[in-house]
Amino acid sequence: MRLTELTLERYGAFAERNLLIPSTVGLTIIYGPNEAGKSTCLAALSDFLFGIPERTPHATLFGYDGMRVGATLVDASGTATTLRRRRGRGRTLTDAGGAAVEDSVLVRLLGTTTRERFATLFGLNHETLRSGGSRLLSADGDIGRLIVEAGGGLRSLMARLDAIDAEADKLFAPRRSADRTFYKALDAFDAADRDVKHHTVTRDAYEQSRKAADAGKVKLTQARTERQIVSAEISALERLVRAVPHMLDLDRVTLTLSDYVDIHSLPTDFDRQVNEAKQRRDAATVALADGRMKRDRLSLRLDALGVSETLINAEARVRDLVEQAIHVRKARADRANRLKDIEKAEAELATLRRMLHLTADADLVSRLPGQTALDQVQELATDAIERGAAIRAARERTADLADRLETLQHRLDAAVAAGYHKPVAFSAAQFTGLAAQAASAGVVRRQADQALATATSAIITLGFATPEALASFGCPSADAVRAEQAACAELEATLANQGEQKADAENQAKAARETITRLEAAGPVASDVALADARNARASAWLPLRDAYLDANMPAHARDRRVGIDVYESHVTSADDLADRRAAEAQHAANLALARQQLASSTITIDGCSTLIADIGGPLDRHSIAFAQAFPDATVRFPQLAGLLDFVERREKAMDALAAARALATDAERLAADLEPLRILFESAQDVMKVTRSEGQAFAAEVQALAAALTQHETEHNDYRRDLRDSEALRPTTKRGDQDLADLLAQQQSWQQQWSAALSGLGLDTDLAPERAGALVSEWSGARATLGTISQTRTRLTRMDEDEATLKAAVLTLATSVDLVLPDDPLAATDQLAARWKEQDATRLQRVTIAPDVEDAKAECVAFETVDDEARAAVAALAASASVANEDDALLGIATRCAARARLLQEKDQVERSIADVAMAWGSPSCALNGLAAISILCVALWSLRKNDRSSWKMR
């Protein structure tokens, strides 16, 4: 069997996932990062083959509804089968079209493989591999080590494992120790965790802050309302809020800086470092003459720059004049708007003059009435309008109540005449389900008969005449047969596995013997023992020569002396040859030792496998004989376990179907008995309600006719009772409506007297309608604020003229002191003076900048070679810190972005300083204002100064 496709729906973390597996011959590897879903796919395959458990951890995200696992399987004949599995108690397997499929389809493909066996053979993961390796290495004796060494030639593995265990013991142990690294880190983690908990904001603190924020929003709304009321007074100070352009620049710079977040770790002067490093590197390659030319050129530039100290020292006065010019220029641009404001306000007063029959230039200030009189007229007009609507509503309500009372009385008389004022002892709800219950009882009876016939037919198909004969037939359960299959299959698989291991071990033993024979045929090995023997023989041959020399007892004949010398030299040569061969044949000796070790390991494995094969064969035969003896009739009729399993499953289904049919018959009899009392009550109700039964009429129609009659009577009786209650409740309401109308008419008469007196106090006609009087009062209320706005705007224009005169005098004084000729216009003169000062300041800065450069150029000429090496190293270090290649284009790209970011930071700092200057000038405690908060603080500070002393505030 081969898997070609796996589909997951609402399973695990996958809403829908389709995994296609190539059908080509070979091994298919599915890989992915952690949490990609590899283990989920393996679990889904297991659930598809053996059923989704009732409680599965893979339904946490999407729930059990809709969980589906599908797969396409190809058997050995090449036939493809597509199936889908859902979660449930039975018949959870369907085909591609949704039709139910028996689990035997998968049993045929899986054979004796169970879920546990599948997990053991095909469900290996990181955890099971590690645990298996640990069990292998921790086996008793040396068998585990021999397997590891024979499989991979890892001679020093165990020594390395011991070293790792020692190192692990230094890191961690079950008993707490302050010297181990793990517990040191754990103490640090606990301290950090306590620190985090200490600084964690509680929900109560958050709620308090949120409530404070909500209260602040309410106060903000109130403040905005109050600001509208005093907008005219505040408008005189708006020109002082000059921080608005700076705030806009700050927001723009902050937004632009977000594009450079990837280089925020680099220093702000990184571009300068890059440029200086490249300049130093390039300058080092230039000849010494270029350095001297640079020195001479800088000297000439320094001598050519001249600065006026008088103008430079007047920096503070120039800056003050520039600030004053900003306000004067803004005032000039705003003058036309202020004149338009006065014209617009005068136009708003035209309606009031027309209502008072006054000329367009008439003075309204002297005619402005008191607020108390206006409030009284407004209150009386509002009362009149509201009372008029109330009187009309009261009259309409009185007429409506009378009509409703008369209608209810007519309906009560008609119900009494029809007899609906008395209830009946039956209700339509009693017979609502009677027809359905009768039909359901008939359906259950028919189903019971059909189910009984089907079950009897299935029993006959199995070869038994009666259900009792099938029930008395002795056979195991389906679970017992499956367990027998699994046990036999496991023993057979174990037996085959041990045979394979034994054959492999025999092959390895044969190869080891051949290796040993081949290595030993090459001659004796120069081992440590052979080398020690050769050196001992050399020492033994030397001792007679040494003693003869020391004792002066040399043989007289030269031939005798030659024999001793030849023996000694022979031993020396043999020992030296063995020493040389020992180094050359080290690998030869190692291979021989390894071959002998492999032979010993293979021999142990062959003996173990032979023992296991002998031990497994006997239990397998005994297990089969015991099962046959337990169920002789079944095993004789079905020798094969697969046929017996099919029969047992069909027998269980037939017996279950027979039990279900008998249960249906019992239910049909119970339903008929339960329905009989309700039929008797139904016939009594027909007689009482005088509902006639027609010949051939269906029972459901009779029930419907009786229900309609009962429903009509219940409806009419309920209407009668409701109308009676409404009539009794409506009579006192009608009396109260008449009294309310009389009270409103009396209040209207009293109001008329107060209205005439109030209009006379304002000099208006007493017959003026309340609606028109209300409009007049509204116009007077609006005129009060409009007249105040006109007065304040004219005062502001006067102050604009005074500020421009002050600026002109200050510019003339400064121009005289610095000996400059400036235009008569104060704004143009200020601009020209500021430009002149900037030129002089720039010249001064150039002199300050050029002087050190001259000295640097001289030093550069002397240390050219040193600078070259340092510059190249600096460029490489900058490229490494920026994580780019040591190439000019890549490094210059990063430097250009850093330069842009540095300019933005410098611009942001300058804007923040400007905002801080404004805040400090008006008494704000903060020097770092942001966004709209800065504008709000400035406005509050200006408003406070204006309120405390309207005549003393001035821009600094």
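**Close-up views of a predicted model**

At 6% relative accessibility, tyrosine 183 counts as buried. The model shown in these views is predicted.

**View 1. Phenylalanine 182 and tyrosine 183 form an aromatic pair.** A search of the whole structure finds two aromatic pairs. The pair of phenylalanine 182 and tyrosine 183 is edge-to-face. Two values describe a pair of aromatic rings: the distance of the centres and the angle of the planes. For phenylalanine 182 and tyrosine 183, these are 5.2 Å centre to centre and 80 degrees between the planes. The angle counts as edge-to-face because the cut-off is over 60 degrees. Is phenylalanine 182 buried or partly exposed? Phenylalanine 182 is partly exposed, at 39% relative accessibility. Tyrosine 183 is buried, because 6% lies under the 20% cut-off.

**View 2. Strands E1 and E2 form a hairpin.** E1 covers residues 2-11, and E2 covers residues 14-20. The two strands run antiparallel. How many bridges join E1 to E2? Six bridges do. Look for threonine 7: its bridge partner in E2 is asparagine 18. Two residues lie between the strands. In the turn, glycine 12 has a positive phi of about 65 degrees. In a regular strand, side chains alternate between the two faces of the sheet.

**View 3. Leu27, Ile29 and Tyr31 make a nonpolar surface patch.** The patch has an area of about 480 Å². Where is isoleucine 29 found? Isoleucine 29 is in the loop between E2 and helix H1. Its relative accessible area is 64%. Isoleucine 29 counts as exposed because the cut-off for that class is over 50%.

**View 4. Helix H1 spans residues 38-50.** H1 has 13 residues. From its first C-alpha to its last, H1 reaches 19 Å. That is close to the 18 Å expected at 1.5 Å a residue. Buried residues in H1 include Thr40, Cys41, Ala44, Leu45 and Phe48. An α-helix has 3.6 residues a turn, so residues three or four places apart point the same way. Glycine 51 follows H1, and its phi is positive, near 105 degrees.

**View 5. Glutamine 747 and arginine 387 are 8.5 Å apart in space, C-alpha to C-alpha.** In sequence, these two residues are 360 residues apart. Which helix holds glutamine 747? Glutamine 747 is in helix H25, residues 699-761. With a relative accessible area of 42%, glutamine 747 is partly exposed.

Definitions and conventions
Residues numbered from 1 in each chain as written. Predicted model: local features only at pLDDT ≥ 70, side-chain atom pairs only at ≥ 80, totals over all residues. Heavy atoms only, no water. Pairing = 2+ DSSP bridges. Helix = DSSP H or I, 4+ residues; strand = E, 2+ residues; numbered from the N terminus. Patch = residues over 30% accessible without salt bridge, like charges linked within 9 Å, V, L, I, M, F, W, Y side chains within 5 Å. Areas by Shrake-Rupley, 256 points an atom, 1.4 Å probe, with all protein chains shown as cover. Salt bridge = Lys/Arg side-chain N within 4 Å of Asp/Glu carboxyl O. Buried < 20%, exposed > 50% of the residue type's maximum accessible area, 1.4 Å probe, protein only. Phe/Tyr/Trp six-rings, centres within 6.5 Å; stacked < 30°, edge-to-face > 60°. Expected span 1.5 Å × (residues − 1).
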